[in-house]
Amino acid sequence: MIPPMRGTPERSGGAGPGGPWVGAQAWEDVLFAHWPVPAEHLRPLVPAGLELDTFEGRAWIGVVALRIVGSRLRGGPPASAFPEINVRTYATAGGLPGVLFLSLDADSPAMVAVGRHLYGLPYLRARIAVRREGDAVDVRSRRVDRRGPDAAFEARYRPAGPVAPAAPGSFEWWLVERYRMLSAGRRGAARRAEVRHPPWPLQAAEADIAVNTLTRPFGIEPHGEPVLHLARRVEARFWLPRPAAARPRRRP
């Protein structure tokens, strides 16, 4: 069960999401791997109605591996745990920062169906194996969904420092403390959905990434060592999506 959340930052200009939340889940053993990418390579991937977000003039692409537990719709029972790996960049909707998902590979037919049809997110089915050994996590993923090109990811990662939540205004804050999901939607109209969770219990990480072809379908081959972070667990709630241009509603 997802307990009440306290101290959740919003980064939304003071406006809450409005209305009741519709879904909840917890994210565990989260690996964030980020690479700088020329902005001109990412702008064509950003749907109309959104703007590519940069930090000090640099754009970034991320591969995020995690295990999702306790996923449920409001009033419904929790689903079985499953792993997911998503490819993301960062954008703004009406000046508000969010995560723009380019692909999401999940080992859960139910999550793929809900994500695609309710949220318009580019979910694809994959076979993903995750094993935790001590403080290290091994993940192996291969896409099996014919709606997307072949893609795979294999890595072993572990923490490399103490828990240190990102400081407001820092690069780490810019990367991870974002409270809305952005997508092109099923018909190409940009959509956003509000998300709320406590600040990430962020740690520096080390990783051996043996295979990563997840960004190749977007014409991007990351170069150099990634910026790595890990978070052991955070619990989140979601609201229904709406057009990206809509203004957030204030709480009554």
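**Aromatic contacts and buried faces**

Author: F171 is buried, at 16% relative accessible area; buried means under 20%, exposed over 50%, partly exposed in between, with a 1.4 Å probe and protein chains only. This is a predicted model, where local features need pLDDT of at least 70, side-chain atom pairs count only at pLDDT 80 or more, and totals for chains, interfaces and linings use all residues. Residues are numbered from 1 along each chain as its sequence is written, and side-chain values use heavy atoms, leaving out hydrogens and water.

Reader: Which aromatic residue in strand β3 pairs with F171?

Author: Rings of Phe, Tyr and Trp (its six-membered ring) pair if their centres lie within 6.5 Å; planes under 30 degrees apart count as stacked, over 60 as edge-to-face and the rest as tilted. The F171 pair here is tilted, at 4.8 Å centre to centre and 50° between the planes. F171 lies in helix α3 and its partner in strand β3, so the pair ties together parts 111 residues apart in sequence. Helices (H or I, at least four residues) and strands (E, at least two) are DSSP runs numbered from the N terminus. The β3 partner is W60.

Reader: Which residues form one aromatic cluster?

Author: The structure holds eight aromatic pairs. F55 and F171 form a tilted one, 5.2 Å centre to centre with 55° between the planes. W60 is buried at 5% relative accessible area, and F55 is buried at 17%. The cluster consists of F55, W60, Y90, F171 and W174.

Reader: Why do the buried residues of α2 lie on the same side?

Author: Helix α2 covers residues 109-119, and its buried residues are M111, V112, G115 and Y119. The exposed A110 and H117 sit on the face turned away from that buried side.

Reader: What is the phi of G120, after α2?

Author: G120 follows α2. Its phi is positive, near 65°.

Reader: Is S141 buried or exposed?

Author: S141 sits in strand β7, residues 136-143. Leaving out residues up to four places away in sequence, S141 touches I85, A126, R127, I128, A151, A152 and F153; contact means heavy atoms within 4.5 Å. Its relative accessible area is 6%, so S141 is buried.
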